[in-house]
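Please look over the structure below before reading the notes.

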Amino acid sequence: MALKYYHAEPAANSLKSMIPLIEKGLDWESAYVDLHKFEQHQPWFTAINPEGQVPVLDHDGAIITHTTVINEYLEDAFPEDQPDSGPLRPRDPVGAARMRYWNKFVDEHVMNFVSMHGWHRMVGIIARNIESGEFEKLLENIPLPDQRKKWATARSGFSESDLANATAKIEYAVDKVERQLGETAWLAGDAYTLADINFYSHCGMMVERMFPDMEIARRCPRLVEWRERMTARPAVARALAGEDRTAPGLRTWTGHAR
C-alpha cells in the first residue's frame, strides 16, 4: 500500500505529521509543495485537497487532511508497535483521552496564536512584496475564505492588540506545559505520544527563538529539557533535516526572523 505525503518545510503542520511517519518506520513518498510559489493554490494541488492547504496524506488514493486527523489515521491504519516509540496513541482509554486533551489544547489554544506571529513576520513580508494587481489574483485563488482574510491581514499587518493577545496565550501555554512536565515525563503521561509531537511542532521547538523576551530557559526549564529529549529522537532529527526552500531571512518558524 502506497503512502504519499504532500508537505512544505519541516516545521509546524508539515513537521507534525512527518514525525509519526518516520517514528512508525513507514515507507512513504515525499512530495514537496513550495508555498513561496503558491503551489498549494494551484489546480493540480486543489484537485488533491480542495482546501488548498498542506499537509495531505494520500494512502492508496484515500486523501487524509488536517494533521491531528492524519496522525490518528496513521495509528489506526498502522497499529504495529515500533521499538523506538511504541504506540503514539495510548491504547488504554484514559491515556488516549489525556493525549486527545493535549492535542485539543494545542490545536485550539496554541497553534493559531503562534501562527499569527509567523504570518505577521514572514507572510506579511511576502504579501507586501507582491504588486497590488497580482495580490488580488492571489486572493482569488485561495479556496478558504478565512485564509483569504488572513493573507489580506498579513499584507496590512496584524494589530498590536491581537499580537499582544497571541503572546499572552503562548505564555499561558508554556507555563501550563511546564507544570505538566513537573508531574509526568511527557505531556500525556509517562509515554511519548502524538501530543508531544503536536506541541513540539507548533511551539516547543522554537518558542525561545521566536519569543526571546519570554526567557524560556529561566521560565520553563522542564520544557527546555523535554524539548532536548524530543530533538534528540532519531525520527525528529531526520524530519528536521528534510527539504526546506524557505529563504533564511523568512524562517520565522525556526527563529531566524523576528
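Predicted model: local features only at pLDDT ≥ 70, side-chain atom pairs only at ≥ 80, totals over all residues.

Residues are numbered from 1 along each chain as its sequence is written, and side-chain values use heavy atoms, with hydrogens and water left out.

**Helices H4 and H9**

- Helix H4 (residues 93-109) and helix H9 (residues 194-204) have axes that come within 8 Å and cross at roughly 15°; helices here are DSSP runs of H or I with at least four residues, numbered from the N terminus.
- That angle makes H4 roughly parallel to H9 (angles under 35 degrees count as roughly parallel, over 145 as roughly antiparallel).
- On the H4 side the contact is made by Met99, Trp102, Asn103, Val106 and Asp107, and on the H9 side by Leu194, Ala195, Asn198, Phe199 and His202; contact means heavy atoms within 4.5 Å.
- These contact residues of H4 and H9 divide into 6 nonpolar, 3 polar and 1 charged (Ala, Val, Leu, Ile, Met, Phe, Trp, Tyr, Cys and Pro count as nonpolar, Asp, Glu, Lys and Arg as charged, and the others, Gly among them, as polar).

**Helices H6 and H7**

- Helix H6 (residues 132-140) packs with helix H7 (residues 145-156) at an angle of about 155°, and their axes are 10 Å apart.
- H6 and H7 are therefore roughly antiparallel to each other.
- Ser132, Phe135, Leu138 and Leu139 of H6 meet Arg148, Trp151, Ala152 and Arg155 of H7.
- By class, this contact of H6 with H7 has 5 nonpolar, 1 polar and 2 charged residues.

**Nonpolar cores**

- The largest nonpolar core has 69 residues, and Trp151, Ile170, Val174, Phe199 and Leu223 have the most contacts inside it; such a core is a set of buried Ala, Val, Leu, Ile, Met, Phe, Trp, Tyr and Cys residues joined through side-chain atoms within 4.5 Å.
- Helix H5 (residues 111-128) gives the largest share of this core, 8 residues.
- Ile170 is in contact with Phe113, Val114, His117, Cys203, Val207, Phe211 and Met214, leaving aside its neighbours within four places in sequence.
- A second, separate core has 8 residues, including Ala8, Ala31, Val33 and Val54.

**Gln147**

- Gln147 lies in helix H7.
- Gln147 counts as buried because its relative accessibility is 17% (buried means under 20% relative accessible area, with a 1.4 Å probe and protein chains only).
- Not counting residues up to four places away in sequence, Gln147 touches Gln53, Trp119 and Ile142.

Definitions and conventions
Axes fitted to C-alpha atoms, helices over the stretch in contact; angles between N-to-C directions. Helix = DSSP H or I, 4+ residues; strand = E, 2+ residues; numbered from the N terminus. Parallel < 35°, antiparallel > 145°, perpendicular 65-115°, else oblique. Buried < 20%, exposed > 50% of the residue type's maximum accessible area, 1.4 Å probe, protein only.
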